Amino acid sequence: NGDSKLRRVKVLFDETHNESWSTSREKAIEISPDYPEYSSYQAAAGLLKERGFLVERNLHHALTRDRLEGVDILALVHPCDPRWERTVSQNSPRLSPEEIRDIQDFVRRGGALLVITEYEHDKYGDNLNELLEPFGLTIRNGTVLDRVRCANRNPTWVLSEASGSPLSRSLTTGVSTVCFYQAGYITVSGSAEIVLQASAQAHPARAGLLGASQAEDGRVLLVTDSLLFGDDYLTDPNHQALWLNCFQWLAVPRFQRNNLPKPPSEAARSGHWKSMRESVNGLSLLQQPDGSVPASFHETAGKLTEQILGHLPELAQFFPHQKEYLEQLREDLDRWRSEGYRKPDFQKSLSAFHPERHRQDQIEHFVLFPLYTPNASLQTRFETLIMRMPWPDWLARLERERYPNAKFAPGHLVDHTRGYQSECAVLFPETIAVAGKSSNHFATIFCDREALRLQRYAKHAIEAVSLPTPPNLECLLSSLPTLEDTVALWDLIHDRSHSLGELPFDPFMIRQRAPFWMYALEELRVDLRSFSEAHHLAKEGFHFAEYVPYAILLDRLFRFPIVGSRIKNYDGLAGQLLFAFLHEKDVLQWCDNTLRIAWEQLPSSIEELRREIASLYRLGATCSKLTFWIEAHDLITKYVRPNVASRWKREGRLIDNEADPAKWIGLVENDEFPLGNFHSNLKRKIGEA
């Protein structure tokens with residue numbers, strides 16, 4: 001299901017303090033033989049397990065520090081004096097002083113606590129208020145009544161309302177109505193807040209029904225009714241969504257703890273690598289734009305090349321799987337030196353470089369090539385890298401069974417030369433200096449670099465536009481390792497999608513010159529397919545895939561439109577088009593300097609835009625190249641207004657023949673589709689993040 005050990009969130013349901021609910025159906029039958037649903041949280045626990053949570057019951061141990069070790073979320077579900085309800089045991093519902101101290105410390109150190117209680121709280125004999133006091137949450141003794149907002153005309157069946165805070169909007173994502181059945185109420189102080197409340201007509205008015213608190217590194221949720229998550233009432237989709245939202249919000253501290261340092265690389269720690277890196281850095285400074293070295297620097301180039309060749313045998317011990325490549329690399333370097341350091345041709349080395357043939361989790365590859373990718377430069381420079389491949393079992397299985405792509409070779413950058421101090425996040429064969437036609441046998445996206453950049457821009461943008469986000473999105477943005485795996489899955493589907501569907505032209509457009517908006521449509525087309533594929537994967541039970549649509553949306557909406565040059569920026573235009581379409585469909589709402597996203601409507605709207613682009617591509621198979629470009633420009637213009645100086649827009653279009661398409665490409669404005677006000681304002685607010 002895509003879960004790594006880092007993401008396994010352990011939930012402990014206590015059953016040692018006379019709780020009136022059990023996550024075991026067998027225990028519920030023992031408690032309430034005639035009506036086990038009244039004592040069973042088995043469905044609720046099952047829902048958590050389906051989403052990858054590890055669920056345990058605490059049957060015998062005190063809730064002290066030792067028992068809480070390794071636990072991420074502790075759940076206390078209505079501890080109760082057995083005089084009032086049948087319970088899981090005949091112990092006291094009261095926590096010991098040591099338990100209260102250790103649970104409070106557990107929360108402060110990054111644990112999470114869920115407390116569920118009931119109406120007329122004081123009669124149950126627990127001491128939950130003592131536990132909750134440091135977190136600003138207090139359970140009041142009473143019952144909420146509402147004759148206006150109630151279900152089945154029963155004033156104790158209270159229909160809750162979101163309090164309107166950012167946290168309430170987050171926890172109620174996908175939730176329209178939640179019914180509390182005979183609920184108590186709570187008050188808050190300090191930084192604690194009410195998330196769900198009764199209506200203004202209730203008694204007490206706007207009584208707190210669900211409260212939340214963030215205490216140092218941990219989190220606490222307090223719920224005032226236990227029935228709504230029991231087996232009988234969890235069948236309501238709103239209750240299921242709220243239950244999952246609560247646990248995903250409580251899981252955020254666990255995801256934050258995932259950001260551990262990566263294991264060290266023995267190769268990168270070696271003196272030979274450090275010397276190699278400096279020698280390559282020095283050599284790159286001598287090169288002219290075509291990669292050659294002027295005669296005046298040949299002596300220095302010779303010394304540096306000799307140093308590089310001297311380090312290769314020592315480094316080879318770390319990369320035995322690259323024996324053929326390293327031998328060919330020596331030959332290409334020798335030949336380049338013997339031929340006078342002219343424009344490099346490393347075709348043979350490139351042909352021997354095959355990371356895609358060694359797809360093993362955490363395997364490292366050595367890379368040394370003359371290439372022009374870093375800094376988006378067309379100047380050829382030698383660069384050397386050590387990259388580590390993420391290839392967990394779940395990713396390998398998906399590639400093998402669902403998205404076959406023999407060229408897919410994701411990577412993490414371990415160490416690199418000066419050129420990769422840029423934002424560059426790719427290594428493609430097409431960027432390596434060769435004399436003839438480049439081979440095209442692998443494609444590497446550096447998922448760690450893409451993930452870090454996505455995380456940075458998304459967090460800044462979300463804050464800048466005050467965007468309420470679902471709790472699972474907060475989990476994603478809190479954990480860089482999770483985001484790195486998300487990018488790997490996204491790229492697997494994205495890369496495969498370039499070769500699927502209606503394809504009236506070379507989908508990679510490597511050897512084809514076209515107006516830049518054609519590149520924008522192609523990138524958006526495959527991202528929309530990736531969005532839909534990931535959505536279906538999650539629906540089928542591969543729940544990790546639910547993160548991919550978030551990553552696509554945030555990168556396309558926030559990062560791509562505002563980074564880089566405005567000169568024919570096709571990635572930026574793809575984001576502008578997605579934003580404009582969703583804004584026109586009211587899925588995005590920009591009002592009062594705050595952005596709102598109708599998350600539930602996204603899949604259907606994404607599919608609508610995807611069908612519109614597919615229809616354009618279908619037309620492309622039956623019309624000329626130039627007509628196809630014009631129709632594509634018109635499609636984009638429906639949503640993104642072109643430059644006022646545009647000579648391609650329908651009104652006043654200058655194109656009058658198809659003899660020389662390149663002539664009309666020359667009329668394209670550098671910024672054919674300028675940024676709208678939303679993105680212009682966003683760029684001013686967050687700059688380069």
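Reply: One term before we start: a polar contact is a pair of N or O atoms within 3.5 Å, where within protein one must be able to donate a hydrogen and the other to accept it, and residues adjacent in sequence count only if both atoms are side-chain atoms.
Me: Ok. What kind of model is it?
Reply: It's a predicted model, where local features need pLDDT of at least 70, side-chain atom pairs count only at pLDDT 80 or more, and totals for chains, interfaces and linings use all residues. Residues are numbered from 1 along each chain as its sequence is written, and side-chain values use heavy atoms, with hydrogens and water left out.
Me: Which side chain has a polar contact with Gln576?
Reply: That's Arg566, and the polar contact between the two side chains is 3.0 Å.
Me: Where is Gln576, and is it buried or exposed?
Reply: Gln576 lies in helix α19, residues 570–584. Helices here are DSSP runs of H or I with at least four residues, strands are runs of E with at least two, and both are numbered from the N terminus. Gln576 counts as buried because its relative accessibility is 4%; the cut-offs are under 20% relative accessible area for buried, over 50% for exposed, and partly exposed in between, with a 1.4 Å probe and protein chains only.
Me: What else does Gln576 touch?
Reply: Leaving out residues up to four places away in sequence, its contacts include Pro561, Val640, Phe673 and His679. Contact means heavy atoms within 4.5 Å.
Me: Switching topic: how many helices and strands are there?
Reply: The chain has 23 helices and 20 strands. Of its 689 residues, 60% are buried.
Me: What about strand β1, how many of its residues are buried?
Reply: Five of the five, residues 10–14, so β1 is largely enclosed by the rest of the structure. Lys10, Leu12 and Asp14 point one way, while Val11 and Phe13 point the other way.
Me: Which strands does β1 pair with?
Reply: β1 pairs with β2 (residues 54–58) in the parallel sense over five bridges, and three bridges join β1 to β3 (residues 73–77), also parallel. Two strands pair if DSSP finds at least two bridges between them. Val11 has Val55 as its bridge partner in β2 and Ile73 in β3.
Me: And what's the order in the open sheet of three strands?
Reply: β6-β7-β9, with antiparallel pairing. β6 (150–151) and β9 (179–181) are at the edges with a single partner strand each, so one side of each has no neighbour in the sheet.
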